[in-house]
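Hello,

Here is the structure I said I would pass on. My notes on it follow below.

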Amino acid sequence: MNADNLDAIFGALADPTRRAILARLASGEGTVNELAEPFAMSQPAVSKHLKVLERAGLIGRARDAQRRPCRLQPEPLKTVADWVAHYERFWTESFDRLGEYLRKVQEEEQRQAKETEGH
Amino acid sequence: MRAAVTEIGRAQLVGDREMAITRIFDAPRETVFDAWIDSQAIGQWWGPRGFSTTTHSMEMRTGGVWQYTMHGPDGTNYPNEIRYESVEIPERIIYTTSGGREDDDIHTHRVIVEFRDKGGKTEVSLRMIFPSAAERDEIVKVYGALKGLNETMDRLGEYL
């Protein structure tokens, strides 16, 4: 995989509609018609998104001449997923720990305030 | 026990060169901000679970630097450096982070952290911005390579 491929993958993933199309394809293949339905979009608009996804290698089109259903090709996603997972973990877990730290600090403050009242 | 976090936000990819995470913490803005600017405090929560942080020096002001080492659960040390581009108490911190070693340049990125008062609670929004698509691609390649290497070492370990 080269840098151009990765740019194509990130470019494809940058759009929420295309991410939604991928999520839909994760549950099974679909024709352009079927994919257009939930997005209230014209068929040509959806076709345009599908072309971007196809260029990025994220979907493939079956040779079935009548329906030409699209299917997900998840392999390129793995590279991106690894990168995202690294930082996703860093920040999600740091924020979890920050929440725990703040709770501890506030409980300590409350305890001290109570002690002061008692005296 | 009262939960300090009222809304669980996970980090996610936004656009083609950003990651973002937003969360509401059940603590006043000053308390939350303090947890970022006090070297004792930040060391208690910075990094993924199992990591600890040693601060070598911290100048928490616009133009200041934080030098620290993260210690991984397997004993690996990760030297790091953060340069504070802007520190606006208690609203916003902008910094650039890089690995402390020369060969760690690919991890350089800019972070914008904003603190908003939400009626006694605090919303923290963090955005991680990579300088260019090319740099991000480098990160993907190197990160992928490292992961591959780790897997190879794991398999070798099993074999031995």
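**A buried leucine and what surrounds it**

L58(A) is buried, with 25 other C-beta atoms within 10 Å. A residue needs 20 or more such atoms to count as buried, so L58(A) qualifies. Please keep in mind throughout that this is a predicted model.

One is L72(A), which is 14 residues away in sequence, with 6.1 Å between the two C-alpha atoms. The other is I9(A), 49 residues from L58(A) along the chain, with the C-alpha atoms separated by 7.5 Å. I9(A) belongs to helix α1 (residues 3-13) of chain A. I9(A) also counts as buried, having 23 C-beta neighbours inside 10 Å.

**Chain A**

Chain A has five helices and two strands. Read from the N terminus, their order is α-α-α-α-β-β-α. Chain A has 119 residues, and 24% of them count as buried. If you take the contacts in chain A with a separation of 6 or more, 50% are between residues 24 or more positions apart.

Helix α2 of chain A covers residues 16-25, and its buried residues are R18(A), I21(A) and L25(A). Where on the helix do these buried residues lie? Seen down the axis of α2(A), they fall within an arc of 55°, so they line one face of the helix.

**Chain B**

Chain B has three helices and nine strands. From the N terminus on, the order is β-β-β-α-α-β-β-β-β-β-β-α. Chain B has 160 residues, of which 20% are buried. Of the contacts in chain B with a separation of 6 or more, 30% are between residues 24 or more positions apart.

In helix α1(B), the buried residues are R29(B), V32(B), F33(B), A35(B) and W36(B). Seen down the axis of α1(B), these residues fall within an arc of 150°, so they line one face of the helix.

**The nonpolar cores**

In soluble globular proteins, nonpolar side chains tend to be buried together. The largest nonpolar core in this model has 23 residues. Those with the most contacts inside this core are L98(A), L102(A), F25(B), V32(B), A35(B) and W45(B). Which elements each supply at least two residues of this core? They are α5 (75-118) of chain A, together with β3 (18-25), α1 (29-37), β7 (92-99) and β9 (121-129) of chain B. α5(A) gives the most, with six residues.

Leaving out residues up to four places away in sequence, V32(B) touches L102(A), F25(B), A27(B), F115(B), T122(B) and V124(B). Apart from this core lies another, of 16 residues, including F10(A), I21(A), A36(A) and C70(A).

**Two backbone details**

Most residues other than glycine have a negative phi, and most peptide bonds are trans. Two places in the model deserve a look with that in mind.

The peptide bond from I89(B) to P90(B) is cis, with omega near -5°. P90(B) lies in the loop between β6 (77-88) and β7 of chain B.

A40(A) has a phi near 50°, a positive value in a residue other than glycine. A40(A) is in the loop between α3 (32-36) and α4 of chain A. Is A40(A) buried or exposed? A40(A) is exposed, with 7 other C-beta atoms within 10 Å.

Regards

Notes
Residues are numbered from 1 along each chain as its sequence is written. Chains are lettered from A and ligands numbered from 1 in the order in which they are written. This is a predicted model: local features need pLDDT of at least 70, side-chain atom pairs count only at pLDDT 80 or more; totals for chains, interfaces and linings use all residues. A nonpolar core is a set of buried Ala, Val, Leu, Ile, Met, Phe, Trp, Tyr and Cys residues joined through C-beta atoms within 7 Å. A residue is buried if 20 or more other C-beta atoms lie within 10 Å of its own, exposed if 12 or fewer, and partly exposed in between; C-beta atoms are placed from the backbone. Helices (H or I, at least four residues) and strands (E, at least two) are DSSP runs, numbered from the N terminus. Two residues are in contact if their C-beta atoms, placed from the backbone, lie within 7 Å. The arc is that of the directions from the helix axis to the C-beta atoms.
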